Amino acid sequence: MINSHSLHSPKTLKSPILFSSPHSGRIYQKSFLDQTGLSLEQMRASEDCYVDDLVETATRFGCTILQAHFPRVFVDLNRSFEDLDPKLIRDVDDKKTNKRIEAGLGVIPRVVGSGTEIYDKKLSKAEVNLRLRAFYFPYHSQLQKELAKIKRIFGYAILLDFHSMPHSALQLFEKNSVDRPEIVLGDGYGTSCEPWLADFLTRKFVMTGFKVAKNTPFSGGFITRKYGSPKNKMYAIQIEIDRSLYMNENNYSLKDDYITFKGKLEKVIKSVSQVRHPDATHYDAAE
């Protein structure tokens with residue numbers, strides 16, 4: 001069994017930011033592949049390809065990084081563990097549902113990004129519980145532990161939950177390509193962080209040459225909602241990157257200018273790592 005995740009800590013913790021990459025895992029176990037008739041290429045459509053690599057320089061600037069190794073189509077960390085799909089899992093209450101589950105995108109996805117069914121038969125509740133114990137809960141436990149550590153040191157903690165979005169997700173902007181964003185910041189319409197942080201991040205991305213939108217078409221997922229609690233000095237923002245900027249979506253290969261793009265993003269990461277709460281009085285303890 002693979003390790004569920006990796007934690008990358010800086011030599012010295014200098015920043016209140018934790019970078020999370022829950023959907024970039026790309027280790028597909030043979031036992032899982034044997035359960036589906038889909039090709040690896042079909043299943044990779046749900047991956048946030050290479051996001052873990054895009055943010056890997058954050059430790060140089062005193063930040064912490066947490067990344068998953070397993071793919072989203074195996075277990076989706078950006079869902080509640082209670083998002084169980086009765087069409088996929090045996091002995092699940094079909095009355096406890098929501099739009100995500102009905103779409104086949106529960107914590108154990110029933111469909112891949114294109115809407116294609118992953119399995120040809122149902123999974124047992126025992127197997128699902130095993131996946132959650134071995135992969136889902138360890139990641140979230142580590143995430144909670146690290147955020148609590150950061151908050152003890154700085155008096156607050158910031159979670160930047162990094163994802164990539166297919167270019168097609170931006171089709172509502174197609175009529176006006178000038179306004180089409182390359183980065184989408186999701187703060188649950190102001191519920192997962194305070195305005196100063198969303199404004200700070202927007203400025204840093206824009207100053208580096210990125211076009212930015214907020215909460216459209218993505219306002220933040222389960223992780224953002226779960227860990228973003230401004231009243232408790234816990235702030236979370238989901239960051240979506242248009243993956244067509246750095247990779248070929250048809251074959252998952254990196255573009256020739258990938259290193260240039262990564263360098264551009266690194267400038268944002270370095271600048272963002274220096275963020276401090278306007279009222280911060282604790283952060284000197286970390287320096």
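## Questions and answers on this structure

Visitor: Which residues are in contact with Leu-66, leaving aside its neighbours within four places in sequence?
Guide: Contact here means that heavy atoms lie within 4.5 Å. With neighbours within four places in sequence left out, the partners of Leu-66 are His-5, Ser-6, Leu-7, Leu-18, Phe-19, Ser-20, Ser-21, Tyr-139, Gln-142 and Leu-143.

Visitor: How many helices and strands does the protein have?
Guide: This is a predicted model, in which local features need pLDDT of at least 70 and side-chain atom pairs count only at pLDDT 80 or more, while totals for chains, interfaces and linings use all residues. Residues are numbered from 1 along each chain as its sequence is written, and side-chain values use heavy atoms, with hydrogens and water left out. Helices (H or I, at least four residues) and strands (E, at least two) are DSSP runs, numbered from the N terminus. Counted in this way, the protein has eight helices and nine strands.

Visitor: Is Leu-66 buried or exposed?
Guide: Leu-66 is found in strand β3, and its C-alpha atom is 9.1 Å from that of Glu-146, which is 80 residues away along the chain. Buried means under 20% relative accessible area, exposed over 50%, and partly exposed in between, using a 1.4 Å probe and protein chains only. Because the relative accessible area of Leu-66 is 0%, this residue counts as buried.

Visitor: What radius of gyration does the protein have?
Guide: The radius is taken over C-alpha atoms, and the globule rule is 2.2 Å times the number of residues to the power 0.38. Along its principal axes the C-alpha trace spans about 55 × 45 × 35 Å. With 287 residues, a compact globule would have a radius near 19 Å, and this agrees with the value for the protein, which is 19 Å.

Visitor: Which residue is joined to Pro-217 by a cis peptide bond?
Guide: Pro-217 is placed in the loop between β6 (212-214) and α7 (222-227). Most peptide bonds are trans. In this model, however, a cis peptide bond with an omega of about 5 degrees joins Pro-217 to Thr-216.

Visitor: What is the phi of Asp-91, and what is the phi of Tyr-189?
Guide: Most residues other than glycine have a negative phi. Asp-91 lies in the loop between β3 (64-68) and α4 (99-102) and is exposed, with a relative accessible area of 72%, while Tyr-189 lies in the loop between β5 (183-186) and α6 (195-207) and is exposed at 60%. Both phi values are positive: that of Asp-91 is about 65 degrees, and that of Tyr-189 is near 55 degrees.

Visitor: Which residues are in contact with Ser-24, leaving aside its neighbours within four places in sequence?
Guide: Ser-24 is found in the loop between β2 (17-21) and α1 (30-33), and although this is a loop, Ser-24 is buried, with a relative accessible area of 0%. Once neighbours within four places in sequence are set aside, the residues in contact with Ser-24 are Asp-48, Val-51, Asp-52 and Ala-68.

Visitor: Which residues does Leu-170 touch, not counting residues up to four places away in sequence?
Guide: Leu-170 lies in the loop between β4 (157-165) and β5, and at 0% relative accessibility Leu-170 counts as buried. Not counting residues up to four places away in sequence, the residues touched by Leu-170 are Met-165, Arg-180, Pro-181, Val-184, Pro-217 and Asp-242.
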